[in-house]
Amino acid sequence: MYRELAHKKLNSIAKVIIGVVIVVALAFGGVALYHVAHESAKEQGAASVRQTILDAAAQCAAVEGAYPSTLEHLENSYGLRVNHQEYDIIFESYAANFPPSVVVTPK
């Protein structure tokens, strides 16, 4: 009888340990999933900002007959608003008749 009681006690301890391990694993999985989703959202945001800048540059070329030479020109003349605290932006203009090269990366 003592063996049966000890065996039942070990079984319930094992069940509790397994439950705790499962909860901890799920918590780590949730944190990892959140991190991946957050990084993906940041990358999508950067792609959206890049496309917005290119669209504004195309509008500038249509209105003025030349692509802008600086990002500041788009911000000042075309109402472009970019969150410079969230994104690093490299804007390179080669010639007035070619679209600028735009690289946007999240910080």
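Lys42 and Glu39 form a salt bridge in which the closest N and O atoms are 3.8 Å apart. The structure in which this pair occurs is a predicted model. Both residues belong to helix α1, which covers residues 2–64, and because they are three residues apart in that helix, about one helical turn separates them. Side chains of opposite charge can pair when their charged atoms come close.

The structure holds two salt bridges. In the other pair, the side chains of Asp88 and Lys107 meet with an N to O distance of 3.6 Å. Asp88 lies in strand β1 (residues 87–92), whereas Lys107 lies in the segment after β2 (101–106), so this bridge ties together parts that are 19 residues apart in sequence. Asp88 is partly exposed, its relative accessibility being 38%.

The C-alpha trace spans about 95 × 20 × 15 Å along its principal axes. The radius of gyration of the protein chain is 28 Å, whereas a compact globule of 107 residues would have one near 13 Å.

Of the 107 residues of the protein chain, 20% count as buried. The chain exposes about 8000 Å², and carbon and sulfur atoms supply 62% of that area. Among contacts between residues at least 6 apart in sequence, 36% join residues at least 24 apart. As for charge, the protein chain carries 8 positive and 10 negative side chains, and the centres of the two sets lie 27 Å apart.

Which side chain of opposite charge is nearest to Glu75, a buried residue without a salt bridge? The nearest is that of Arg81, at 6.4 Å. A salt bridge requires a side-chain nitrogen of Lys or Arg within 4 Å of a carboxyl oxygen of Asp or Glu. Glu75 is situated in helix α2, residues 71–77. When residues up to four places away in sequence are not counted, Glu75 touches Leu80, Arg81, Val82 and His84.

Val104 is in strand β2 and counts as buried, with 12% relative accessibility. Its contacts, leaving aside neighbours within four places in sequence, are with Ala46, Val49, Arg50, Ile53, Tyr87, Asp88 and Ile89. Asp88, one of these contacts of Val104, is also the residue that forms a salt bridge with Lys107. The separation between Val104 and Gln51 is 53 residues in sequence and 9.5 Å in space, C-alpha to C-alpha.

Two alanines of helix α1 complete the account. Ala56 is buried, with a relative accessible area of 9%. Ala61, also found in helix α1, is buried with a relative accessible area of 17%. Beyond residues up to four places away in sequence, Ala61 touches Ala66 and Tyr67. Ala61 and Asn97 are 36 residues apart in sequence, and their C-alpha atoms are 8.2 Å apart in space.

Note on methods
Residues numbered from 1 in each chain as written. Predicted model: local features only at pLDDT ≥ 70, side-chain atom pairs only at ≥ 80, totals over all residues. Heavy atoms only, no water. Rg over C-alpha atoms; globule rule 2.2 N^0.38 Å. Buried < 20%, exposed > 50% of the residue type's maximum accessible area, 1.4 Å probe, protein only. Contact = heavy atoms within 4.5 Å. Areas by Shrake-Rupley, 256 points an atom, 1.4 Å probe, with all protein chains shown as cover. Lys, Arg positive; Asp, Glu negative; His and termini not counted. Charge placed at Lys NZ, Arg CZ, Asp CG, Glu CD. Helix = DSSP H or I, 4+ residues; strand = E, 2+ residues; numbered from the N terminus.
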